[in-house]
Amino acid sequence: MGFDLRARLDERRARHRYRHPRVQDGPCGRVARVDGRDYLNFCSNDYLGLAADAEVVAAFRAAADQWGVGSGASHLVCGHQRPHQDLEEALAAHTGRPRAVLFSTGYMANLGVITALVGRGDAIFEDRLNHASLLDAGLLSGARFRRFAHNDAGALAGQLARSDAGRKLVAVDGVFSMDGDQAPLAPLLDACEAADAWLMVDDAHGLGVLDGQGRGTAFAQGVNERLPVYMGTLGKGLGTSGAFVAGSEELIETLIQFSRSYIYTTAMPAAVAAATRVSLAKAVAETWRRDRLAALIRRFRHGAAELGYALMESGTPIQPIRVGEDADALALSQALAERGLLVTAIRPPTVPEGQARLRVTLSAAHEERDVDRLLDALETAKCRN
């Protein structure tokens, strides 16, 4: 049979699902420069506007001068440098946990946690709308893999009650990356505690954004002390790169000893860790960033609803406009691009069939006039159709 790669690519093009990276000719921020043109950027995850913040950049530059641009080894060989240790301690304190451990990416963190905690004879239960990295990790773990209806704690409780697995792990997104809604952590924890299961939350899109100090979904929902496994990423609300897992002393030691995606990869550059300590401190102290973000979210939702667009139930910076067909989502994205606005069309398999959408993401770097310009463009596009 062979590898007929061209046919697979042609089929993806025919279904309006072919994707390609846009080459950015400038830093991440309010404005994206692509092909010599500036666009207002409404599709980055830089929620607090810290990715190009002058103080964060200065901390990175100073640390690169001191520590170089590469760690040179995995953490357990000789790559664990003082900035890594300092950041782990800061993240543990920020999330109210005894310890934290760094991973190079969120994908590697999810893979490392799930495969270290469950395997053959165990069971992993996941929300149907979980991020791909959680789903992949569950499948690769070798544990019995179950998916439950989105945010349905009752469905989860039923699955847990019927399971005779040795260890039971439940994994959910704190904020779902394509819908923007939050997992209902209290009822999920109730179901887990009744079945002697652990809950793991991937809070990639909640850290820095939710709670008065940016401590994420578990603090915002008042359940942090009940949550055994907390994963957060550094490349969204905190504006840098990498990820971490926070939890008990025993959990972190287990990951250090058994997590293959931690053990067998080079540690992130120490300069990234040093810069992240600065961005974390700014995320906590500069509460105006979350205040502005919340105001922009309200402004966009009110305006888009008045225009008759189908929004989803989201109070977070992720504000999807559900369109439906792939071609229609691409056409709306292109119409906005013609007006100087960058908003990516999200299509299957990232989202379910028939649920293509524009994933608008807002940032504290945006201004009110930016949101108004986006709303004006959406009104023009609607009138054109």
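Guide: Gladly. A residue is buried under 20% relative accessible area, exposed over 50%, and partly exposed in between (1.4 Å probe, protein chains only). Please keep in mind that this is a predicted model, where local features need pLDDT of at least 70, side-chain atom pairs count only at pLDDT 80 or more, and totals for chains, interfaces and linings use all residues. Residues are numbered from 1 along each chain as its sequence is written, and side-chain values use heavy atoms, with hydrogens and water left out.

Visitor: Is Asn41 called buried or exposed, and why?

Guide: Asn41 has 8% relative accessibility, and the cut-off for buried is under 20%, so Asn41 counts as buried. Asn41 sits in strand β2, residues 37-41; strands here are DSSP runs of E with at least two residues, helices are runs of H or I with at least four, and both are numbered from the N terminus.

Visitor: What does Asn41 contact, beyond its neighbours within four places in sequence?

Guide: Contact means heavy atoms within 4.5 Å. On that basis Asn41 is in contact with Gly29, Arg30, Val31, Ala32, Leu342 and His366.

Visitor: What makes β1 and β2 a pair?

Guide: Two strands pair if DSSP finds at least two bridges between them. β1 and β2 have four bridges, in the antiparallel sense, so they pass that definition. One of the bridges joins Val31 to Leu40 in β2.

Visitor: Why are β1 and β11 described as standing at the edges?

Guide: The open sheet runs β1-β2-β11, with mixed pairing. β1 (31-34) and β11 (341-342) each have a single partner strand, so one side of each is left without a neighbour in the sheet.

Visitor: What makes a group of residues a nonpolar core?

Guide: The members must be buried Ala, Val, Leu, Ile, Met, Phe, Trp, Tyr or Cys residues, joined through side-chain atoms within 4.5 Å. The largest such core has 73 residues, and Leu199, Phe300 and Leu378 touch the most other members. Helix α15 (residues 368-384) gives this core its largest share, six residues. A second, separate core has 27 residues, including Ile114, Val229, Val245 and Ile252.

Visitor: Which residues of helix α6 are buried, and what covers them?

Guide: In α6 (residues 132-140), Ser133, Leu134, Leu135, Ala137 and Gly138 are buried. Their cover includes α5 (106-117), β4 (123-127), β5 (144-148), β6 (168-173) and β7 (198-202).

Visitor: How do you know that a space is a pocket rather than a cavity?

Guide: On a 1 Å grid over the protein atoms alone, a cavity is a set of points where a 1.4 Å probe fits but cannot get out, whereas a pocket is an open set with protein on both sides within 12 Å along at least five of seven lines; lining residues have an atom within 4 Å of a point. Grid points are joined across faces, edges and corners, and a volume is the space filled by probe spheres set on the points. The largest pocket has a volume of about 970 Å³. Among its 38 lining residues, His20, Pro21, Arg22, Cys43 and Thr344 are the closest to its centre, and α14 supplies the largest share of the lining, four residues.
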